[in-house]
Amino acid sequence: GNRDRPKIWAYDQTAQQVIPLAEIWFPDAISVRIKAATATPDHKIVASVVARNQSNQLETRLCFVGQSGISKTVETDHFIAEQLRYSMDGVLWALGHRGISAPGDSGGDDLTVRRFQADGTQLSATVSATRLGPKAGALSNNGESFLLVSSSRKFLFNSTNARFAELDNEGKVLRVDTLAFPQFRTPAGTRIKLMAAVITSSGKIFCAFARGNGIWELDPDVLKWRPIEQSDGAERYSGLFGSEKELLIMRSANTYGWFSLRGE
């Protein structure tokens with residue numbers, strides 16, 4: 001029924017609903033799932049959507065959603081975008097993998113990063129999963145890898161093996177390093193799991209780890225970590241959700257807060 005159809009909407013920092021509730025559905029679909037979404041520079045939403053049609057084939061699309069619902073959809077040739085980020089020049093970056101569309105389709109590449117123009121036209125496909133080492137085949141659909149896009153620099157973080165890659169503005173790999181995670185006191189045998197990684201407009205990288213070990217800043221050039229003292233207000237939020245310009249967006253259940261980390 002209609003209750004199962006995915007819906008999307010958006011609020012801004014002042015808690016105003018800026019995009020009304022929109023249902024994401026297509027005439028020939030039997031199922032639709034939203035995999036990722038982000039705000040566009042012109043204040044719409046773009047969502048990465050995977051649908052199955054009546055013939056049981058996989059369809060992958062970018063859906064642009066505005067004030068009056070879906071304004072445009074663009075096919076992505078079976079590439080399932082698990083993360084979407086805009087750079088300051090209006091290019092949409094996506095991290096994901098190619099799904100299999102139908103029985104017998106073994107095709108596709110193992111390229112994990114796609115760049116799209118504002119209208120959804122694909123500009124490039126780069127970064128083979130093998131560049132990021134073992135376990136990178138599940139790179140983008142294991143929820144533990146992060147695409148970081150700032151105005152000047154771009155990074156890819158595969159936390160299953162702590163590979164950290166810097167990309168150029170066309171999405172090509174400049175370097176790949178292996179990170180040492182911060183030393184926490186964790187119970188023996190506990191794997192440290194990266195829960196969130198975000199980048200501010202100016203290129204500062206902040207990460208949050210499982211088990212409440214706070215927020216850490218990563219210097220991408222010397223690969224050193226620095227714990228961040230959080231304000232009393234930010235401490236009440238359990239998760240690092242994203243960033244907007246130089247502010248970090250924190251989340252706790254369905255509550256979001258915007259925080260500056262300057263001068264702490």
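Which side chains does a polar contact of 2.6 Å join? Those of Glu59 and Arg61. A polar contact here is a pair of N or O atoms within 3.5 Å; within protein, one must be able to donate a hydrogen and the other to accept it, and residues adjacent in sequence count only if both atoms are side-chain atoms.

Ground rules. This is a predicted model, where local features need pLDDT of at least 70 and side-chain atom pairs count only at pLDDT 80 or more, while totals for chains, interfaces and linings use all residues. Residues are numbered from 1 along each chain as its sequence is written, and side-chain values use heavy atoms, with hydrogens and water left out.

Back to Glu59. The Glu59–Arg61 pair is also a salt bridge, at 2.6 Å. That term means a side-chain nitrogen of Lys or Arg within 4 Å of a carboxyl oxygen of Asp or Glu. Glu59 is buried at 12% relative accessibility. Arg61 is buried too, at 11%. Buried is under 20% relative accessible area, exposed over 50%, partly exposed in between (1.4 Å probe, protein chains only). The Glu59 side chain also makes a polar contact with that of Asn53, at 3.0 Å.

Now the wider count. The whole structure holds 11 salt bridges. One of them joins Arg5 and Glu23, at 3.2 Å. Arg5 is partly exposed at 23%. Glu23 is partly exposed at 33%.

Next, Glu166 and Arg153. Their side chains meet in a salt bridge of 2.8 Å, N to O. Glu166 is buried, at 9%. Arg153 is partly exposed, at 25%.
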